[in-house]
Amino acid sequence: MAPFKRTTIPAHYRNGQTFGRPSEYLPEYAQAVIDYMAQGYSLTAFAGSIRKSRDTVYQWVREHADFSDAVSRARSARVAALETKLLRARKGAETSAAVFALKNAEPEEWRDVRSVEHGHTLKVETLTDAQLYAIASSKASGNGTVIEAEYTRTDDELTQ
């Protein structure tokens, strides 16, 4: 093992020679991904159609700005195709499949869960025993069950 790190290129390499396996990316893939995903297919399906791995295609997105831009536009075109399919759907299963695809393709716009922020100013420490007892004995808001109990003071409370 050498005591120092090699910082020069070996003599048998020519100037401008690249190292490692050459990229399989072709510039025409940028338009191809837009055309393919505009039919409603995913990026993974595009990778399969050109016989490349999903990881390879995602690496191209990171390394090639033109391909990254094309994938971004292709995702929008995919959502447009899926929404068109939903609007033309006539049967329940066909409609459900289109909605399912849209929920996965564009979860921000097509999610079921809506978040609601709730704020309150009460702190448990500031409530009186009577208020806490009223809360505990009222119906729970979630499932309609009632907490059945008798309020009794503990020995510690009696000595205070």
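These are my notebook entries on one predicted model, taken feature by feature.

**Ground rules.** I number residues from 1 along each chain as its sequence is written, and my side-chain values use heavy atoms, with hydrogens and water left out. Since the model is predicted, I ask for pLDDT of at least 70 for local features and 80 or more for side-chain atom pairs, while totals for chains, interfaces and linings use all residues.

**Entry 1: the overall layout.** I looked up the secondary structure and found eight helices and zero strands in the chain. Helices (H or I, at least four residues) and strands (E, at least two) are DSSP runs, numbered from the N terminus. Along the sequence the pattern reads α-α-α-α-α-α-α-α. I then checked burial: 16% of the 160 residues are buried. Here buried means under 20% relative accessible area, exposed over 50%, and partly exposed in between, with a 1.4 Å probe and protein chains only. The chain exposes about 13300 Å², and carbon and sulfur atoms supply 52% of that; the areas come from the Shrake-Rupley method with a 1.4 Å probe, and for residues only the protein chains shown count as cover.

**Entry 2: aromatic rings.** How many aromatic pairs does a search of the whole structure find? I got nine. Rings of Phe, Tyr and Trp (its six-membered ring) pair if their centres lie within 6.5 Å; planes under 30 degrees apart are stacked, over 60 edge-to-face, and the rest tilted. Y25 and W60 make an edge-to-face pair, 5.5 Å centre to centre with 65 degrees between the planes. This pair links distant parts of the chain, with Y25 in the segment before helix 1 (29-37) and W60 in helix 3 (residues 54-63), 35 residues apart. Y25 has a relative accessible area of 10%, so I note it as buried; W60 is buried too, at 2%.

Y25 also pairs with F67: the ring centres are 5.5 Å apart and the planes are at 70 degrees, so this pair is edge-to-face. Because F67 lies in helix 4 (residues 65-88) and Y25 in the segment before helix 1, the pair ties together parts 42 residues apart in sequence. Stepping back, I see one aromatic cluster formed by Y25, Y29, Y36, Y41, F46, W60 and F67.

**Entry 3: helix 4.** Helix 4 has 24 residues and reaches 35 Å from its first C-alpha to its last, close to the 34 Å expected at 1.5 Å a residue. The expected span is 1.5 Å times one less than the number of residues. Its buried residues are F67, A70, V71, A74, R78, V79, L82 and L86. They pack against helix 1, helix 2, helix 3, helix 5 and helix 6, where contact means heavy atoms within 4.5 Å.

**Entry 4: helix 5.** Which residues of helix 5 are buried? I listed A98, L102 and A105. They cover an arc of only 65 degrees around the axis, so they sit on the same side of helix 5; the arc is that of the directions from the helix axis to the C-beta atoms. Helix 4 and helix 6 (107-110) are among what covers them. On the face turned away from the buried side I found the exposed residues G92, A93, F100 and N104.

**Entry 5: a backbone angle.** Most residues other than glycine have a negative phi. R51, however, has a positive phi near 60 degrees. R51 is in the loop between helix 2 (43-49) and helix 3, and its relative accessibility is 71%, so R51 counts as exposed.
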